[in-house]
Amino acid sequence: MPILTIQIPTGYSKAQKASLLNGVTQAAIDSIQAPLASLRANLVEIPPENTIVSGEIGQTMALIYVALIVGRDEAQKAALIAALSESVQKTIGISTQHTRVLLHDLEKTDLGVAGGISAKASGR
C-alpha cells in the first residue's frame, strides 16, 4: 500500500510515462516509507478535450488518487502530496499548480490484498 491511479492527458511518450511511474513510486517510498513490494500504480490517459480546468477545455492537468491504509498522520500525508506533485512536474512537466492529489484512507478490513484476504487478515 499505497495504490496510485494517475490521470494525465494523452500524448506523452512511453519513456515519459515510465519515468512518471518510476517517479511517483519513488516519491511514495521516500515520503511515507512505503515498502516497494506493497506499491501499485497505474496510469489513465484522458484526451485533453475531456478535461476542463478553471473554465479552459484542454488545460493540462494531473489528478492522482491515492488509496492508503489508515494510520498516517497529517505531516506524512502532506509530505506524500508534495512529493507526488513534484514528481509529476519533474518527470512530465505538469506544474504543481495543475496537479491535484486525493488521498483515501481505507480501514484494513476494507482492502483486499494478495490471496484474496483483507489487509487486516494478512497482518498489515
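Colleague: How many residues does α2 have, and what distance does α2 reach from its first C-alpha to its last?

Modeller: This is a predicted model, in which local features need pLDDT of at least 70, side-chain atom pairs count only at pLDDT 80 or more, and totals for chains, interfaces and linings use all residues. Residues are numbered from 1 along each chain as its sequence is written, and side-chain values use heavy atoms, with hydrogens and water left out. Helices (H or I, at least four residues) and strands (E, at least two) are DSSP runs numbered from the N terminus, and the expected span of a helix is 1.5 Å times one less than its number of residues. For α2 the expectation is 27 Å, and α2 has 19 residues and reaches 27 Å.

Colleague: Which residue caps the N-terminal end of α2?

Modeller: A polar contact is a pair of N or O atoms within 3.5 Å; within protein, one must be able to donate a hydrogen and the other to accept it, and residues adjacent in sequence count only if both atoms are side-chain atoms. Here a side-chain oxygen lies 3.1 Å from the backbone nitrogen of Ala 75. The residue providing that oxygen is Asp 73.

Colleague: What covers the buried residues of α2?

Modeller: Buried means under 20% relative accessible area, exposed over 50%, and partly exposed in between (1.4 Å probe, protein chains only). The buried residues of α2 include Leu 80, Ala 83, Leu 84 and Val 88. Contact means heavy atoms within 4.5 Å, and the covering elements include β1, α1, β5 and β6 (99-106).

Colleague: Which residues touch the most other members of the largest nonpolar core?

Modeller: A nonpolar core is a set of buried Ala, Val, Leu, Ile, Met, Phe, Trp, Tyr and Cys residues joined through side-chain atoms within 4.5 Å. The largest has 22 residues, and β1 (3-9), α1, β5 (62-69) and α2 (74-92) each give two or more residues to this core. The residues asked for are Val 66 and Leu 84.

Colleague: Why does Ser 31 count as buried, and which backbone oxygen lies 2.7 Å from a polar atom of its side chain?

Modeller: Ser 31 is found in helix α1 (residues 14-32) and counts as buried because its relative accessible area is 14%. Leaving aside neighbours within four places in sequence, Ser 31 is in contact with Ala 79, Leu 80 and Ala 83. The backbone oxygen at 2.7 Å belongs to Ala 27.
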